[in-house]
Amino acid sequence: MNMKRKRGDRDGVFAGNTAERAIIDIGSNTVRLVIYGGSMRAPTVLLNEKVTARLGRDIATYGKLADEAIELAMRGLERFALLLDDLEIDDVETVATAAVREASNGREFITKLEALGFKPRLISGEEEACLSANGVAGAFPGASGSVADLGGGSLELVGLEKGETGQAVSLPLGALRLPEYRGEDSSSSNAEMRKNLEKVIRKSGWDLFGGSKHKPAPLYLVGGTWRAMAVFAMQAQGHPLSDPHGFELEVVDAQKLAELLAVETHETLRNRKRISSMRAEKLPNAAVLLQALLAQLGPSKIVFSSWGLREGLLYDRLPAHGKAQDPLLAGVSVFATQRGAPPTLATRIAAWTVDAAPSREFGSERLRVASTMLALASMQIEPNIRLPQAIDWALHKRWIALDGEQRAMLAAAIAANGNVLDLPSDVQVLARGEALEEAICWGLAVRLARRLGARSRRSLQVSRLVVQDECLILRLATSHGALFGVPTEKDMKLLAGRLGLDWAVEIVSDEELLAGKPDQV
C-alpha cells in the first residue's frame, strides 16, 4: 500500500497492542477490513469492520458487478484507506475473490482499488480454497480431513492431510447463488435442490474423502453462514460455550440440524439471538447444501472453524518455526503479559509446582502452563469481579486448539487459584470430575507458589515443593524460613488435602536445598 505516512503520536491507539498487519477481504457479499496485533500465530483482532456491498449479487444474471454495489464497496474502501493511513499501518494485504474474478468489469474495479493506494491480489478459486485450508491447519494443528469454505459467490473444497493442503476445487455454490439451484420455480422442494447440488459436486470430480480408498475424516466448515448454523445448534442444545469455533457435531446430529434448518424461514430465524437478518436469509439453503455435502463426502464428523481465508493469509506467511508454535500458548502469552503475568513468571511457577501438581491423565503440560498464566493474570482483576471475569476468559475467549473439557480445566485451575472450589455448573458439565480435580490441584499449587513470596523470583529460588513417601514437602532455605507464615500453612494444608497426602515443611541450608538432600527440622 503506497500512501504518504503521517508519523504521529500513537499512544493508546490499541491499548497495549501493537497493530502489525491488516487484511482487506473483498468477497462476493462483504468487503471487510481486519487489523491484527499480538502474536501472528494466534493473532488478536484489533479492528473488524465490514460493508455488506453484495458485489456478487448480479454475477449469475448479468455477469458483472452492479454499479450501486461498487459504489457502496468503494465508500467503505475509501474509509479503510483513511483509517490505515491514520493508524500508520503499512503491512496491508488486499485480496479479492469470486465476485471480482468472475465479473466482466472486475478489472475496472481493481483499477479503482489501485487508485486508492491498495495493491489488490485477485486470487483463483483453488488458491482461495488452499488459503482457507491453511487457516484451518493453523487453528487445528495437524488436521486431516476436508474443508468446505462457503462464501457469497462460491464454495471451495480442499483436502487436508496432517496440515498440508491437497486437491482443491471452487464451485459456483456460494450463499448468494444457492437459490439458482431451486430451478425456475423458487418454491421447488428441498429434495430437488439437494439433487441439483449433489450433481454439481459430483461433476467437479472432487471426491477425495468420499471414495472407498479413504477412511471417513472430519469435514471443517468455514464461513459466516456455517458459523451462524453452529450458533443455532449450540443454542438448541443449551450449550454452555458461546464461541462456535471448534464446535463439533456427529454426522447424525449434523443431518438432523440440516433437516431442521432447511424448513425454517427468514422470518422464524431472524429473531434468534446472534443470527443476523442476512444470515437468517441464507441459512435454509445452506442447510440443503450441507445435506448434499454430507451425502457426497461421507465425513466422520463436522467441525466448525472461525479461521479461514484471512487467518490462512497470516499463517501462510509465517516461517516454519512460527507455524510450529503452539497457538494456545502463543495467544495466552500475549493476553497474560498485558495483564501482569509474563510467560517467564508463569514458566517459573509451573516448574516450581510440577512435582506436586503435574499434568496427569486428563491434562497436558501446555494446558497446565496456559492455566498458570491465566491464573496469575486473574489476580490483577478486582476481587469482587475476579472469578466470573476470569472464568469467562477460560470458557468464552477464542483460544485456539482447545476443546470444551480443556476450557473447563482452565476455568477450574483459575477458580482454585482464588480458593474457589465449588465450580459453576457451566464448568462442571463440560468436563469429567477427574479432569476438573486435576486442574483444581494445578490452581491450588499456583496459589501456594504466588502467596509464598508474593511472586518474587527469589522465593522460588530458595524453596522447593516435592512429593516424597506420600507426603507433600515444602523445603525452604534457612535464609528464608520466615516465608512460611500462616497463609502458607493454610495453602499447604489445602493442597495436601486435595492430593490425599500428608504435609511437612523442611528448613535447610542452601547447599542442602540445591543438593536435594535436606534434613527435616
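The secondary structure of the protein comprises 22 helices and 14 strands, where helices (H or I, at least four residues) and strands (E, at least two) are DSSP runs numbered from the N terminus. The model is predicted, so that local features need pLDDT of at least 70 and side-chain atom pairs count only at pLDDT 80 or more, whereas totals for chains, interfaces and linings use all residues. Residues are numbered from 1 along each chain as its sequence is written, and side-chain values use heavy atoms, with hydrogens and water left out.

The C-alpha trace spans about 90 × 55 × 45 Å along its principal axes. Of the 521 residues, 55% are buried (under 20% relative accessible area with a 1.4 Å probe, protein chains only; exposed means over 50%, and partly exposed in between).

Helix α4 (residues 106-115) contains the buried residues G106, F109, I110 and L113. Because these residues cover an arc of only 100 degrees around the axis, they lie on the same side of α4; the arc is that of the directions from the helix axis to the C-beta atoms. R107 and A115 are exposed on the other side of α4. G117, which follows α4, has a positive phi near 105 degrees.

Helix α6 (residues 190-203) packs with helix α10 (residues 277-297) at an angle of about 50 degrees, and their axes are 9 Å apart. That angle makes α6 oblique to α10 (angles under 35 degrees count as roughly parallel, over 145 as roughly antiparallel, 65 to 115 as roughly perpendicular and the rest as oblique). Residues in contact (heavy atoms within 4.5 Å) include M193 and L197 in α6 and V288 and L289 in α10.

Terms used:
Axes fitted to C-alpha atoms, helices over the stretch in contact; angles between N-to-C directions.
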